[in-house]
Amino acid sequence: MEEKITEILEDLFFIERGYLNANHFVYRGPAPVLIDTGYKGDFDHTRRIYAHLGIDISAVRTIVTTHCHCDHIGGNHLVQQAAGCDIVLHEIGRIFIDTRDAWSTWWRYYGQAADFFTPTGALADGDVILVGPHRFEVLHTPGHAADGIVLYHRDNGLLLSSDTLWAHDLAVHTVRVEGSAAAYTTRKSLQRLARLDAKTVYPGHGPFFDDFHGALDRSLERVTGYLDEPRRAGQDVLKKITVYTLLMKKTVAAECFFESLMETIWFKETVDLYFDGAYRKKYEEIVADFLKKGIIIRRGERFHTTVVP
């Protein structure tokens, strides 16, 4: 398999994916458990990863969802349809799913493919869940996502940090959905994590890492920059979601890419909010920078991205 698969506890595997698909986890035991399930459009590949680990999706007993963004829940409906499994998530996320709220989940805002599913349980801050025999504490860490949680294995100092903490970057802050206090809320969540004795961190994107406090310092510096200069947050949204859009579409006609972005909700609103409606200017600036760095490449008349999905 091209993914990096690491056994982090007995029969519990960390699957490092890319950017379109969040990293996720598989517990391989008599009652298999999945933690997050990647992006819907790549689920055939995700299913092959499960099979490589000896898991048939019809045998899955439980899915634990760290938050309802499309790159984390893409297989939830399909696995539940096949297995009739339980799906548990934070109580706020359960409200979003139960009420079919495609706005608060970001799916509608960013034009993302995702399916609703049937939650069977709700998690709250301070709960303890068992993934097979492994005991994890649930910490609610809103900011990036109102329903965001991390899972902490205290005995071994393992933190499954989802999109709350990455090694060298910060997840996007969509203030139109999460509210104007999103960056402030993220800072409070990161400050709370600082009290943990985490030794190894398994993030929602990127490889696992041991520099817990260094990552916290970098993330706190970045989110403080968002608070001090909100345009940084806007620039981050434009860059990351432009790439994510290319990943979702696989390829786009170069001459039509600007027009297709202008048809979305997120692009116009982000430029209006942070950059005074300079749509064409921001588009050309970002695409030129990505072409220069090789993040976007042009093949004939079409754009592709080199970012790993």
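**Helices, pockets and cavities**

Reader: Which residue, placed just after α3, takes a positive phi of about 65°?
Author: This is a predicted model, in which local features need pLDDT of at least 70 and side-chain atom pairs count only at pLDDT 80 or more, while totals for chains, interfaces and linings use all residues. Residues are numbered from 1 along each chain as its sequence is written, and side-chain values use heavy atoms, with hydrogens and water left out. Helices (DSSP runs of H or I, at least four residues) and strands (E, at least two) are numbered from the N terminus. Just after α3, the residue with this positive phi is Gly-84.

Reader: Which residues of helix α3 are buried, and on how wide an arc do they lie?
Author: Buried means under 20% relative accessible area, with exposed over 50% and partly exposed in between, for a 1.4 Å probe and protein chains only. In α3, residues 76-83, the buried ones are Asn-76, Val-79 and Gln-80. They are on the same side of α3, because the arc they cover around the axis, taken from the directions from the helix axis to the C-beta atoms, is only 100°.

Reader: Which elements do the buried residues of α3 pack against?
Author: Packing is judged here by contact, meaning heavy atoms within 4.5 Å. By that rule, the partners of the buried residues of α3 are the helices and strands β4 (33-35), α1 (43-52), β5 (62-64), α2 (70-73) and β6 (86-90).

Reader: How far does helix α7 reach from its first C-alpha to its last?
Author: Helix α7 runs over residues 182-193 and has twelve residues.

Reader: Why do the buried residues of α7 line one face of the helix?
Author: The buried residues of α7 are Ala-182, Ala-183, Thr-186, Ser-189, Leu-190 and Leu-193. Seen down the axis of α7, these residues line one face because they fall within an arc of 115°.

Reader: Is Gly-148 buried or exposed?
Author: Gly-148 sits in the loop between β9 and β10. Leaving aside residues up to four places away in sequence, Gly-148 touches Thr-66, His-67, Leu-139, His-140, Thr-141 and Pro-142. Because its relative accessibility is 5%, Gly-148 counts as buried.

Reader: Which element gives the most residues to the lining of the largest pocket?
Author: On a 1 Å grid over the protein atoms alone, a cavity is a set of points where a 1.4 Å probe fits but cannot get out, and a pocket is an open set with protein on both sides within 12 Å along at least five of seven lines; lining residues have an atom within 4 Å of a point. The largest pocket is lined by 23 residues, and Tyr-19, Trp-166, Asp-169, Asp-236 and Lys-240 lie nearest its centre. Two or more residues come from each of α8 (212-228) and α9 (231-249). With six residues, the element that gives the most is α9.

Reader: What is the volume of the largest cavity?
Author: The structure holds three cavities of 30 Å³ or more. Around the largest cavity there are 15 lining residues, of which Asp-71, Trp-106, His-144, Val-172 and Tyr-244 lie nearest its centre. Grid points are joined across faces, edges and corners, and a volume is the space filled by probe spheres set on the points. For the largest cavity, this volume is about 170 Å³.

Technical notes. The expected span of a helix is 1.5 Å times one less than its number of residues.
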